[in-house]
2 protein chains.
Amino acid sequence: MDGVTPTKRPRKPRADSVRNHDRVLEAARTVFAEGGPAASLEGVARQAGVGIGTLYRHFPTRQALFEAVYRHEVDQLVELAERLATDDLPPVEALRRWMRANVEFVATKKGMSAALAVAVHASSDLTAYSIDRLGRALGTLLARAVKAGAIRDDIGAEDILRTVVGLCYMHDKPGWQDKVRRLLDVFVDGMRRGSKAGALPRTPPG
Amino acid sequence: MDGVTPTKRPRKPRADSVRNHDRVLEAARTVFAEGGPAASLEGVARQAGVGIGTLYRHFPTRQALFEAVYRHEVDQLVELAERLATDDLPPVEALRRWMRANVEFVATKKGMSAALAVAVHASSDLTAYSIDRLGRALGTLLARAVKAGAIRDDIGAEDILRTVVGLCYMHDKPGWQDKVRRLLDVFVDGMRRGSKAGALPRTPPG
DNA sequence: GGAATATACGGAGGCAGCCTCCGCTTTGCA
DNA sequence: TGCAAAGCGGAGGCTGCCTCCGTATATTCC
């Protein structure tokens with residue numbers, strides 16, 4: 001408003017605050033993985049060794065806590081995709097491998113899946129964030145395969161992402177990973193150039 | 001045990017009991033569709049116009065109520081599949097149509113999807129029941145297409161079911177149905193004879 | 001039609017989890 | 001070392017879960 005607003009440098013965050021934030025996040029991952037999306041938040045606080053008030057200060061809603069956990073997972077997936085993109089494999093193979101690796105990744109967090117399923121439907125912000133990040137990572141692999149003329153160009157990264165995750169959600173018997181990988185192979189074959197499906201509209205931006 | 005156990009004919013069920021059972025079921029469908037799987041059961045009772053005690057007598061657990069609603073939906077899907085099997089279309093087309101019709105069906109209950117996602121992971125009994133029923137219905141369509149030599153014979157009805165449902169779960173933006181239908185077309189193309197994917201192990205019985 | 005009785009109703013009540021609020025403690029900064 | 005900003009944590013009000021049992025009502029038998 002007036003000429004010179006005194007720029008108050010904000011304090012650096014308190015050490016205990018940072019520590020508690022991390023503790024709660026870690027505890028939440030464990031508790032949700034075991035107890036599903038309806039697990040007790042007071043249980044999370046207990047597990048983290050903090051008061052319930054502290055939990056709520058850091059994550060004002062259950063949804064916020066979900067999202068924090070989820071985002072962390074997404075970041076790991078992106079990293080994975082980037083690593084895969086630097087290898088030089090035939091483009092379709094690189095693509096197929098990422099999809100398969102993705103399945104394995106989900107496997108290690110299988111307990112979270114119900115929670116994630118709920119999150120997907122509950123928060124479009126969250127899905128937007130993760131689809132954006134993962135979509136970019138996958139997009140690189142996809143573009144190479146398309147450019148090489150190996151697969152059709154009318155299927156977006158988002159389409160593939162949703163397919164992979166959807167298939168993972170639907171399986172949890174022992175051996176499900178193998179089953180999902182093989183179904184993904186069927187899908188990839190359907191994506192090859194020369195397939196007969198009708199045109200798939202490109203995913204609109206945003 | 002002894003010679004002639006006096007066969008006490010059981011009373012016919014009370015009219016009010018039957019009425020309340022139906023009311024609760026109906027209310028549950030609505031409430032879960034709107035509020036998701038964690039919606040208040042007392043809310044369901046209120047909506048149904050019965051006491052909470054009555055709700056619990058008919059459906060002793062939240063899970064039981066879920067399942068009752070879910071089974072009703074499954075029955076409708078089976079009926080739909082049977083109707084489709086009697087039409088005489090080219091087998092692959094019949095198959096594709098059922099998968100597409102399925103998407104439409106889910107669409108009308110979209111609100112339930114989070115609840116169903118939870119149910120899928122919560123109760124293997126329930127998934128067993130529905131996969132069995134739907135699998136038989138779809139199996140007929142599938143067998144015809146395989147017999148005609150149009151598609152590979154190593155993909156089970158259960159695989160297809162899970163794929164369809166998994167894709168539906170993952171989409172809820174406006175226009176999602178069209179997107180899912182097109183992704184299913186890609187999948188069907190991958191199933192055609194002459195595709196290059198590795199062998200998919202037949203789904204073991206049970 | 002009316003009594004007898006099996007059956008169902010429904011809400012009070014104990015318990016657990018949700019979330020807010022605020023007095024007390026700890027930390028960063030000068 | 002002193003002090004204010006920042007954070008801590010649990011008491012407390014509220015809602016929902018589920019059980020239990022006194023009351024109400026439908027069915028059956030006469």
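The largest nonpolar core holds 48 residues, and A:Ile160, A:Met191, B:Ile160 and B:Met191 have the most contacts inside it. A nonpolar core here is a set of buried Ala, Val, Leu, Ile, Met, Phe, Trp, Tyr and Cys residues joined through side-chain atoms within 4.5 Å; buried means under 20% relative accessible area, exposed over 50%, and partly exposed in between (1.4 Å probe, protein chains only). This is a predicted model, in which local features need pLDDT of at least 70, side-chain atom pairs count only at pLDDT 80 or more, and totals for chains, interfaces and linings use all residues. Residues are numbered from 1 along each chain as its sequence is written, chains are lettered from A and ligands numbered from 1 in the order written, and side-chain values use heavy atoms, without hydrogens and water.

- A second, separate core has 17 residues, including B:Val31, B:Val44, B:Val50 and B:Val69.

**Where H9 meets H9**

- H9(A) packs on H9(B) at an angle of about 95°, with the axes 7 Å apart; axes are lines fitted to C-alpha atoms, for helices over the stretch in contact, and angles run from 0 to 180 degrees between N-to-C directions.
- That makes H9(A) roughly perpendicular to H9(B), a term for angles of 65 to 115 degrees.
- A:Leu183, A:Val186, A:Phe187, A:Asp189, A:Gly190 and A:Met191 meet B:Leu183, B:Val186, B:Phe187, B:Asp189, B:Gly190 and B:Met191, where contact means heavy atoms within 4.5 Å.

**Chain A as a whole**

- Chain A has nine helices and zero strands, taken as DSSP runs (H or I, at least four residues; E, at least two) numbered from the N terminus.
- Of its 206 residues, 47% count as buried.
- Among contacts in chain A between residues at least 6 apart in sequence, 73% join residues at least 24 apart.

**A buried arginine in chain B**

- B:Arg96 sits in helix H5 (residues 91-108) of chain B and is buried, with a relative accessible area of 11%.
- Beyond its neighbours within four places in sequence, B:Arg96 is in contact with B:Asp185, B:Val188, B:Asp189 and B:Arg192.
- B:Arg96 and B:Leu141 lie 45 residues apart in sequence and 9.4 Å apart in space, C-alpha to C-alpha.

Note on methods. Angles under 35 degrees count as roughly parallel, over 145 as roughly antiparallel, 65 to 115 as roughly perpendicular and the rest as oblique.
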